[in-house]
Structure formats: structure tokens, C-alpha cells
Amino acid sequence: MDAGGDTTVRAISRLRFNRRQYALIAASIAALLVVSVWLAGLLLSSDPLSTRLELRNMAPSADHPFGTDWLGRDMFTRTIKGLALSISVGMAAAASSVVVASLMGIAASMGRTADRIVSWLIDLFLSVPHLVTLILIAFVFGGGMKGVIVGVALTHWPSLARVIRAEVLQLKTAEYVQISRRLGKSRWWTTTRHMLPHLLPHLLVGLLLLFPHAILHEASITFIGLGLSPHQPAIGIILSESMRYLSTGLWWLAFFPGLCLLLVVRAFDVAGEQLRVLLDPRQSHE
């Protein structure tokens, strides 16, 4: 019986290790894919983006894997550079949103009045469709990269702020926090020394999970003309410009950029989910 019990324990231990190993491998592959696309966009030469009318509207081939557009520009280069730009904007917007969410969540621990104000703001922003609010904010700030980043930062923070607020309120009742308060430590000291280290894993996972929303909404408002400048090779601009040529059979102008955008978004989603598994002992041992 003891031998059988030991065998069962060893099998369960191997299963747990494999679960964590799978999460680590999946997160690493997803992160490597996104970083590779971003670096490729920075390192690729801009020469294929020059106008060459003799190469216009060419179907995908060995020389041009994604084909060429109506000006003879290489769609592979445009797509990779557009993804790199979208990744940079999406990451900046998601990071700004995480900063807002963390400030709101921590502010909820400063007293009942602050908690009520933060809760009211969270409910207010959650009650309004954030895509509509994002469009309005981007329009107010004149569009462009600044409008997109500010719009995403001010519309995507409530869900994460609610998680941070719940975690902060739970940490306030922890014994070591109460002891620090009795010893005369300020709320700022207990927040930065005791609460913030516990919140960092939540903020990191929140950053990765907010990025897919940020990059998709950046592409959406760019598609309708309220995002990045038409002179920038963003995916939203590429998709918007290609719509007028789909009826003529130039399917590759929208298919490959849209597919690559979905793959990058899915890669970030996988990285965030698997990182949450790695950081949560309860999920990692399931």
C-alpha cells in the first residue's frame, strides 16, 4: 500500500511539473514570436516600401510572399513594419492603462471616502462602452499616436483596477500590515513595502492581457481614420486602404495583414494566460 501511495505521489508530482513546464514553454514561444516580429519590423529595410509601379498588384510569390499593393510596395515589409508599430503603440497604451489601474487600486486603500470614489469611477467607466469612449477621447486629443495611447489608457483600466482594489483591501487586513500600522508606519510606507510587491504579478499579467485589447482597438480606430497617421505603416491603415481593392480580387492586401495581426494578438493572449498559471500556485498545481 505504501509503495502504491508513493507511486501515486510521484505521478502527481510529474503531472504538476509537466503543467508548469507546458505553461513556461507556451509563454516563452509566444513571447519569442512577438519579440521576433517587433525586432524584424525595426531591422527590415524600408527600400521595399518605395513606389515601384511596374510591380504593382502582384500576387503572392517567392519574391513577394504577401504580394504587392497598388503602388508596387512589398506587402510583407509593410505588414511586419505595421505590426512592429502596432506592438509599440499597444504596449505603451497597455502600460499606461496598468499605471492608471494600479494608482486607482492603491488609492482605494487610503480610506472609505477614497474607496467610494474609486468604486464609483470604476462603475462609471464600466457602464459606458469603452470603444465609444476611446473614439471620443482620441478625437478630443486630435488622433495620432498620442490620442490612441491616452484613449486606451483612460478606457481599459477599470477591470484591472477592480482586481487590484480587491487585492489591496484584502492585504489591508493582513496581520503584518496591521502590525506595521500599530508600529506607526504610514499608509504610504505599508503600501510601497508590503502591498506593492504582492501586486506586481497581477500588474504584469494585467499588462499582457490588456495588450490584445489595446492593439485591436488601436487598429479599429485607425481603420476608421481616428488613430495613427495615414503616412505610418500601421495595420489599421493597411486594412483600411485595402478595402477599396478587395472587390477587384486583390485579396492578399487584407488577408495577410489581418491574419498576422490575429496571430500577434493570440500570442500575447497565450503569454498572459500561461504567465498567470505560473504565478498562481493554485492553478499551476491543478
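**Exercise 1.** Decide from its relative accessible area whether Trp70 is buried or exposed.

*Solution.* The relative accessible area of Trp70 is 16%. Buried means under 20%, exposed over 50%, and partly exposed in between (1.4 Å probe, protein chains only). Trp70 is therefore buried.

The model is predicted: local features need pLDDT of at least 70, side-chain atom pairs count only at pLDDT 80 or more, and totals for chains, interfaces and linings use all residues. Residues are numbered from 1 along each chain as its sequence is written, and side-chain values use heavy atoms, leaving out hydrogens and water.

**Exercise 2.** Classify the aromatic pair formed by Trp251 and Trp252, then the accessibility of Trp251 and of Trp252.

*Solution.* Rings of Phe, Tyr and Trp (its six-membered ring) pair if their centres lie within 6.5 Å; planes under 30 degrees apart count as stacked, over 60 as edge-to-face and the rest as tilted. For Trp251 and Trp252 the centres are 5.8 Å apart and the planes at 85 degrees, an edge-to-face pair. With 45%, Trp251 is partly exposed; with 6%, Trp252 is buried.

**Exercise 3.** Find which residues Trp189 is in contact with, leaving aside its neighbours within four places in sequence.

*Solution.* Contact means heavy atoms within 4.5 Å. By this rule the partners of Trp189, those neighbours left aside, are Ser180 and His194. Trp189 has 25% relative accessibility, so this residue counts as partly exposed. Its C-alpha atom is 34 Å from that of Asp269, 80 residues apart along the chain.
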